Amino acid sequence: MPFRHKNLTLRTTAKNQILDITEEVRTCVREAGAESGVCTVYTPHATAAITINENADPNVGTDFLRALAMAVPEHEDWLHDRVDDNAAAHIKSALVGPSETIPIQDGKLALGTWQNVFFCEFDGPRSTRRVIVSVSS
Ligand code: ZN
């Protein structure tokens, strides 16, 4: 039973940012050669997240970031801000979650027509962000 992990390295350029990583994940699935199985996309960071969302209108990502900013405002006297001033980023990361799991059918990610995979930055910009793509079949 093949089982593979591949590391993707990303660079972010803003405090809050959504990066479409669908093509990179598709490449991992292709390279793994799995006809049927599961793909997990995971980020090992406490101030970032992975989500699946609409791919057609980039404003969906902008609205998503705006909604999170409204739900979790910066500088709310969060206790953790006294440590390294990024409490809102940790809360957003926890709400969105560090991973997504996608079925692989006929060698392809079973994403819907309007779904893509996105890396979410909440404490950027960062020169190096890591995403681990695991394929099991
Ligand atoms: Zn922190």
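**Reading the salt bridges**

Modeller: Arg-66 and Asp-63 are separated by about one helical turn, because they stand three residues apart in helix H2 (residues 59–71). Helices (H or I, at least four residues) and strands (E, at least two) are DSSP runs, numbered from the N terminus. This is a predicted model, in which local features need pLDDT of at least 70 and side-chain atom pairs count only at pLDDT 80 or more, while totals for chains, interfaces and linings use all residues. Residues are numbered from 1 along each chain as its sequence is written, and side-chain values use heavy atoms, with hydrogens and water left out.

Colleague: What do Arg-66 and Asp-63 form, and how far apart are the closest N and O atoms?

Modeller: Side chains of opposite charge can pair when their charged atoms come close. A salt bridge is a side-chain nitrogen of Lys or Arg within 4 Å of a carboxyl oxygen of Asp or Glu. Arg-66 and Asp-63 form one, with their closest N and O atoms 3.7 Å apart.

Colleague: How many salt bridges does a search of the whole structure find?

Modeller: The search finds seven. One of them joins the side chains of Lys-15 and Asp-123 (3.0 Å, N to O). This pair links distant parts of the chain, 108 residues apart: Lys-15 is in the loop between strands S1 (3–10) and S2 (17–20), Asp-123 in the loop between strands S7 (115–121) and S8 (129–136).

Colleague: Is Asp-123 buried or exposed?

Modeller: Buried means under 20% relative accessible area, exposed over 50%, and partly exposed in between (1.4 Å probe, protein chains only). Asp-123, at 12%, is buried, whereas Lys-15, at 32%, is partly exposed.
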